[in-house]
Amino acid sequence: EKDRSNTNMAHIVKPAVAIIQDRKAAGTIGGAGGTTGSFHDRTLNTFKGETWFVTPGTGTTGVGGTCASFTLQAGTYKVHAISSFMNTNGTTLKLLDSTNTVDLGISGPYYVSAGGGATGDPEINCTFTLTSSALIKLQYRLGNTNSTNDLGQSNSYGVDEVYSTVVVEKLK
C-alpha cells in the first residue's frame, strides 16, 4: 500500500531559464565581423526570463548595448546558442568559460558562402558544470569578412533585430 501522507515535493525541480540576446533596433544590421583567423566576442546585451543566476558582464545592456559576456554561478547548465552570419564562408561558434579558458561548447563546421547573400545560423548545444562562478562569452570565427553585415542582415520589419540568442537552463 502506498503512503500518500508524504507531501514533500523537494524532489521536483523546475529548471530556471534565462534568455540572453544580441538585440539591435529595427533596421540595424548585425555589424562587421572583424578579422579572419581568430575568435571574436558576440554582443549579448539583453537579459530576459529568470536571470537570478546570470549577471551581465561589462558594457551596456539593452537594445543596442555593448555587453559581450555574462557570469554564471556555480552549478550545472544546459545551453542552446545560435547566431546569424552572412557571407562569411567557414564559420564556427563557441561558448567560452573565459575565467578558466575552457571551451564549453562548439558548433559543428558551418559554411555560409561568401557569394550571393548567403546567410546561416550555426548552433551550439551543450551541458556543463561550473564548480565556481565564471565569465562566459559567445565567440565566433569567420573564414571571410565583408566589413558590413557579417554578423547578420536586418529584415527591417519594424521590430528589434535579434542576431544571437543564448538559452541557459540551470539544471542544479
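Visitor: Which residue in β9 is the bridge partner of Lys 94?

Guide: That would be Ile 106. Keep in mind that we're looking at a predicted model here.

Visitor: Okay. How many bridges link β8 and β9, and in which sense do they pair?

Guide: There are four bridges, and the pairing is antiparallel. Strand β8 covers residues 89-97, while β9 covers residues 102-106.

Visitor: What do β8 and β9 form, and how many residues sit between them?

Guide: They form a hairpin, with four residues between the two strands. Look at Thr 101 in the turn: its phi is positive, about 50°.

Visitor: Which other strands does β8 pair with?

Guide: One of them is β13, residues 134-142, which pairs with β8 in the antiparallel sense over seven bridges. To find a spot where they meet, go to Thr 91, whose bridge partner in β13 is Leu 142. Another is β10, residues 110-112, also antiparallel to β8 and joined to it by three bridges. There, Asn 89 stands opposite Val 112.

Visitor: Where do side chains point along a strand like that?

Guide: As a general idea, side chains in a regular strand alternate between the two faces of the sheet.

Visitor: And why is β8 described as largely enclosed by the rest of the structure?

Guide: Count the buried residues: seven of the nine in β8 are buried, so the strand is largely enclosed. For the protein as a whole, buried residues make up 41% of the 172 residues.

Visitor: Let me zoom out. How many helices and how many strands does the protein have?

Guide: Zero helices and 14 strands. As for dimensions, the C-alpha trace spans about 70 × 35 × 35 Å along its principal axes.

Visitor: What share of the contacts joins residues at least 24 apart?

Guide: If you take contacts between residues at least 6 apart in sequence, 75% of them join residues at least 24 apart.

Visitor: Which residues is Val 168 in contact with?

Guide: Leaving aside neighbours within four places in sequence, the list includes Ala 16, Val 17, Phe 53, Phe 70, Leu 72 and Tyr 77.

Visitor: Now cysteines. What is a disulfide?

Guide: It's a covalent bond between the sulfur atoms of two cysteines. This structure holds zero of them. Cys 67 is in no disulfide, and the nearest cysteine sulfur, in Cys 126, is 18 Å away.

Visitor: Last one: what about the surface and the charges?

Guide: The accessible surface comes to about 8700 Å², and 50% of that belongs to carbon and sulfur atoms. The protein has 13 positive and 13 negative side chains, and the centres of the two sets lie 3 Å apart.

Conventions: Residues are numbered from 1 along each chain as its sequence is written. This is a predicted model: local features need pLDDT of at least 70, side-chain atom pairs count only at pLDDT 80 or more; totals for chains, interfaces and linings use all residues. Side-chain values use heavy atoms; hydrogens and water are left out. Buried means under 20% relative accessible area, exposed over 50%, partly exposed in between (1.4 Å probe, protein chains only). Two strands pair if DSSP finds at least two bridges between them. Contact means heavy atoms within 4.5 Å. Accessible areas come from the Shrake-Rupley method with a 1.4 Å probe; for residues, only the protein chains shown count as cover. Lys and Arg count as positive and Asp and Glu as negative; His and the chain ends are not counted. The place of a charge is taken as NZ of Lys, CZ of Arg, CG of Asp or CD of Glu. A disulfide is a pair of cysteine sulfur atoms within 2.5 Å.
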